[in-house]
Amino acid sequence: MHINDFKIERYFAQYEFSARYLLSSSDCDGYAIKYVLDLASDDDLQVWENQTLGYTETKGSPMLRSAIAKHYQTLAMDNLLVLSPGEGNFCLMNVLLEKGDEVICMAPMYQSLYQIAESIGCKVNFWQPDYDNNNWYYNPERLKALVNNKTKLIIVNFPHNPTGYIPSASDWDEIINIARANNLYLFSDEMYHLLGANPAYKQIPACELYENAISLWGMSKSFGLAGLRIGWLASKNKAILAKVEAFKDYLSICNSCPSEILATIALNNHSQFITPNNEKIRLNIKYYEDFAQRNEDLLEFSIPRGGSTAFIKLKTSKTAMEYAEDLVKKTGIMLLPSETFDYGTHFARIGFGRRNLPEILSVWEAYHRSV
Ligand SMILES: Cc1ncc(COP(=O)(O)O)c(C=O)c1O
């Protein structure tokens, strides 16, 4: 299988562990293992200390799946398959799609969500947003217009990386109705579920609302535990999950058991992880709003509805890539340019989940005033 480079991940590979400041991360600061273990019950600690380091169940341990199931209203343990988040996407596309199928995918989008389909030989039709002064809107009417008799799958991601967009409840219903009315699968990447500064914007997982929806969530973003490499697919369609499970035999086969235990503890103490992340995002958005007001000549920004990122418009004469390269060279600030999203040359992603954002903004402002 030929697959194009994953541009965002290649750009991060270049700078994530060498640049001094990360302005564009989509994850929040990672919690320490000690923080997780301090929340463990006596029973959890018994499991942690006595667990042997052998293979685990391909589906995910029953202990972990039952902790995940508590986060859904209408799903149970056997509606879940645990894997690493990117692996979930890779396996699912491979079991659902064949060459010649058409899929609809939001744009801009985390590349793997359309790249794998393209590599399989599918045609990807992009659902474009309406844009007005950094307000993003994904109109379900535009989605409906993209459906044809070859369409097999709709791929969405809310809260959306990078814009932070979350549809209204009625638009979300409309999106689900479009999938149902046309008998399409719906892959709903919900990696940023429950993450965001404004609790008014919440979304019911697609897997609760539609029998042919498959939702992806995991520990990386909402919980600040990306290093666990634990995510899961959730669906009422167990036949699809069984196919994905069989495909997983060719990749990781099973999950890391220390990660499964730590993930279980975190899920059972979810508010100790998600609430501080949301508080940090809320404060950072405030700082960022002030920064954006002071630097209107540099960018367009509006407060994202959810998630941990925003997609700002740069008003610079340089392209976003040229600007980002100069910024990292002169200040050590890594900014993710829109070229890595295949989305033009004048946007950039900002991440709100890192505690040193105020310091980064002051370095960026000094750079901006100096050029
Ligand atoms: C929308 C989206 N889906 C999936 C993933 C994959 O998550 P992970 O990096 O934990 O595999 C990411 C990571 O950035 C993401 O932004």
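Guide: Let's begin with the open sheet of 7 strands, whose order is E2-E10-E9-E8-E7-E3-E4 and whose pairing is mixed. Strands here (E, at least two residues) and helices (H or I, at least four) are DSSP runs, numbered from the N terminus, and two strands pair if DSSP finds at least two bridges between them. Before going further, please keep in mind that this is a predicted model: local features need pLDDT of at least 70, side-chain atom pairs count only at pLDDT 80 or more, and totals for chains, interfaces and linings use all residues. Residues are numbered from 1 along each chain as its sequence is written, and side-chain values use heavy atoms, with hydrogens and water left out.

At the edges of the sheet stand strand E2 (80-83) and strand E4 (123-127), each with a single partner strand, so one side of each has no neighbour in the sheet. From one strand to the next, the twist averages 20 degrees. Strand E3 (residues 102-106) and E4 run parallel and are joined by 5 bridges; Glu 102, for instance, has Lys 123 in E4 as its bridge partner. Helix H4 (residues 62-69) packs on the sheet, where it touches E2 and strand E10 (231-235), and its direction makes about 115 degrees with that of E2. Contact means heavy atoms within 4.5 Å; axes are lines fitted to C-alpha atoms, for helices over the stretch in contact, and angles run from 0 to 180 degrees between N-to-C directions.

Some loops deserve a look as well. Pro 108 lies in the loop between E3 and helix H6 (112-120), and a cis peptide bond with omega of about -10 degrees joins Ala 107 to Pro 108. Another cis peptide bond, with omega of about 15 degrees, links Asn 161 and Pro 162; Pro 162 is in the loop between strand E7 (151-157) and helix H8 (169-181). In the loop between strand E5 (130-132) and strand E6 (135-137) you will find Asn 134, whose phi is near 70 degrees, a positive value in a residue other than glycine. For context, most residues other than glycine have a negative phi, and most peptide bonds are trans.

Asn 161 is also among the residues surrounding the ligand, which include Ser 26, Pro 85, Gly 86, Tyr 110, Tyr 192 and Ser 220; a residue is near the ligand if one of its heavy atoms lies within 4 Å of it. An oxygen atom of the ligand is 2.5 Å from an N or O atom in the side chain of Ser 220. For the side chain of Tyr 192, the distance from a ligand oxygen to an N or O atom is 2.7 Å. At Gly 86, a polar backbone atom is 3.4 Å from an oxygen atom of the ligand.

Finally, look at helix H3 (residues 42-50) and helix H11 (residues 257-268), which pack at an angle of about 170 degrees with their axes 10 Å apart. H3 is therefore roughly antiparallel to H11, a label for angles over 145 degrees. Asp 44, Val 47 and Trp 48 in H3 meet Pro 258, Ile 261, Leu 262 and Ile 265 in H11. The residues of this contact divide into 6 nonpolar, no polar and 1 charged, where Ala, Val, Leu, Ile, Met, Phe, Trp, Tyr, Cys and Pro count as nonpolar, Asp, Glu, Lys and Arg as charged, and the others, Gly among them, as polar.

Note on methods:
Angles under 35 degrees count as roughly parallel, over 145 as roughly antiparallel, 65 to 115 as roughly perpendicular and the rest as oblique. A polar contact is a pair of N or O atoms within 3.5 Å; within protein, one must be able to donate a hydrogen and the other to accept it, and residues adjacent in sequence count only if both atoms are side-chain atoms.
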